[in-house]
Amino acid sequence: MIRTVYLNGEWLPENEAKVSIFDRGYMFADAVYEVAAVIGGKLIDYADHAGRLKRSLEALEIPFSLTDEELLALHREILARNAVSEGLIYLQVSRGAHDRDFLFSGDLAPTFVMFTQARTVIDNPKRQTGISVIIYPEGRWANRQIKTVQLLYSSLAKMEARRQGADDALFVEDGKITEATSANAHIVTKQGVLVTRGLSNALLHGITRGSVLDLARQAGLAVEERAFAPQEARDAAEAFITSATSFVMPVVKIDGRVLGDGKPGPVSKKLLELYITDRLASAI
């Protein structure tokens with residue numbers, strides 16, 4: 001099926017949507033993006049994703065003229081046009097097209113793209129088995145709290161994980177884990193404490209991360225926001241990653257070392273259940 005996509009005010013078949021070769025998103029990765037999960041035709045954590053989009057655009061000083069109501073209406077319309085009940089909506093905003101130059105004009109017209117991906121987001125089979133990860137050196141730019149499209153290093157790290165027979169990688173910088181290639185990283189100590197790195201420019205301020213931590217605290221789980229080393233992760237009772245595309249994904253092996261009994265642990269299972277129940281109730 002040929003999807004209908006949104007490009008700069010037009011609804012187009014995906015094979016007819018074109019962006020300039022001089023677009024700064026293509027030339028310099030001068031662009032930001034967001035992704036929202038869709039379940040039952042409703043948007044999960046939408047307001048938080050829209051808020052982070054604004055923060056990312058402001059950080060790069062890329063103008064954005066759509067109102068909150070207009071942006072939400074576009075999300076609803078693209079779902080309807082593509083008959084997506086479960087899946088993802090991606091949007092990307094670049095600074096716009098300009099003849100190649102490190103300097104750019106302040107009056108460029110941003111390029112705005114939206115598209116859908118129909119996929120199973122609730123019954124992900126990987127959640128039943130958990131995933132394996134490798135430890136990989138951090139090599140991304142310094143402002144990872146801005147959700148830019150600079151994803152090459154993450155892509156290469158994930159490819160290396162696959163070559164090693166794993167599913168993903170955890171980045172390590174100055175002896176401490178920052179996050180996974182496209183998700184936030186968490187561990188549960190043998191004492192039952194949920195540990196995740198505190199917010200800074202070293203990692204993306206994940207929307208799902210924040211929701212899961214709120215739910216964990218409401219459930220009475222001890223939570224510590226601090227840096228942790230790879231060895232502490234390998235010695236943990238449980239580990240998991242969080243993102244808009246995976247929700248809560250258990251990690252059962254790190255660098256070939258099995259965590260616990262090698263199966264998704266009770267904390268990650270409970271947090272996944274709480275997250276899905278809570279977010280479905282508040283979806284729009």
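At 15% relative accessibility, Arg279 counts as buried. "Buried" here means under 20% relative accessible area, while "exposed" means over 50% and "partly exposed" is whatever falls in between (1.4 Å probe, protein chains only). You're looking at a predicted model, in which local features need pLDDT of at least 70 and side-chain atom pairs count only at pLDDT 80 or more, while totals for chains, interfaces and linings use all residues. Residues are numbered from 1 along each chain as its sequence is written, and side-chain values use heavy atoms, with hydrogens and water left out.

**Around Arg279**

- Start by finding Arg279 in helix α8, which covers residues 266–282. Helices (H or I, at least four residues) and strands (E, at least two) are DSSP runs, numbered from the N terminus.
- Which residues does Arg279 touch, leaving aside those up to four places away in sequence? They are Ile44, Asp45 and Ser211, where a contact means heavy atoms within 4.5 Å.
- With Ser211, Arg279 makes a side-chain to side-chain polar contact at 2.8 Å. A polar contact is a pair of N or O atoms within 3.5 Å; within protein, one must be able to donate a hydrogen and the other to accept it, and residues adjacent in sequence count only if both atoms are side-chain atoms.
- With Asp45, the side chain of Arg279 meets in a salt bridge, 2.7 Å from N to O. Arg279 sits in helix α8 and Asp45 in the loop between β4 (42–43) and α2 (46–60), so the pair ties together parts that are 234 residues apart in sequence.
- Asp45 is buried too, with a relative accessible area of 9%.

**Other salt bridges**

- Side chains of opposite charge can pair when their charged atoms come close. The rule used here asks for a side-chain nitrogen of Lys or Arg within 4 Å of a carboxyl oxygen of Asp or Glu.
- How many salt bridges does that rule give? The count comes to 21.
- One of them joins the side chains of Glu14 and Arg3, at 3.1 Å from N to O. This pair links distant parts of the chain: Glu14 is in the loop between β2 (10–13) and α1 (24–28), Arg3 is in the segment before β1 (4–7), and they are 11 residues apart.
- Glu14 is partly exposed at 31% relative accessibility, and Arg3 counts as partly exposed at 28%.
- Asp168 and Lys158 form a salt bridge as well, their closest N and O atoms being 3.8 Å apart. Asp168 belongs to strand β8 (residues 168–173) and Lys158 to helix α5 (residues 152–163), distant parts of the chain that are 10 residues apart.
- Is Asp168 buried or exposed? It is buried, at 4% relative accessible area, whereas Lys158 is partly exposed at 32%.

**Aromatic rings**

- Rings of Phe, Tyr and Trp (its six-membered ring) pair if their centres lie within 6.5 Å; planes under 30 degrees apart count as stacked, over 60 as edge-to-face and the rest as tilted.
- That gives 9 aromatic pairs. Among them, Tyr6 and Phe112 are edge-to-face, 5.6 Å centre to centre with 70° between the planes. Tyr6 is in strand β1 and Phe112 in strand β6 (residues 111–118), so to speak distant parts of the chain, 106 residues apart.
- Tyr6 is buried at 9%, and Phe112 is buried at 7%.
- Tyr136 and Tyr153 have ring centres 5.9 Å apart and planes at 55°, so the pair is tilted. Strand β7 (residues 131–137) holds Tyr136, and helix α5 holds Tyr153, 17 residues apart.
- Tyr153 is partly exposed, at 26%.
- Tyr6, Trp11, Phe64 and Phe112 come together as one aromatic cluster.

**Out on the surface**

- Ile21, Phe22 and Tyr26 make a nonpolar surface patch of about 360 Å². Patches are made of residues with over 30% relative accessible area and no salt bridge, joining like charges within 9 Å and nonpolar side chains (Val, Leu, Ile, Met, Phe, Trp, Tyr) within 5 Å. Accessible areas come from the Shrake-Rupley method with a 1.4 Å probe; for residues, only the protein chains shown count as cover.
- Ile21 lies in the loop between β2 and α1 and is exposed at 57%.
- Gly256 is in the loop between β14 (247–254) and β15 (257–258), and it is exposed at 55%.
- From Gly256 to Ala50 is 38 Å in space, C-alpha to C-alpha, and 206 residues in sequence.
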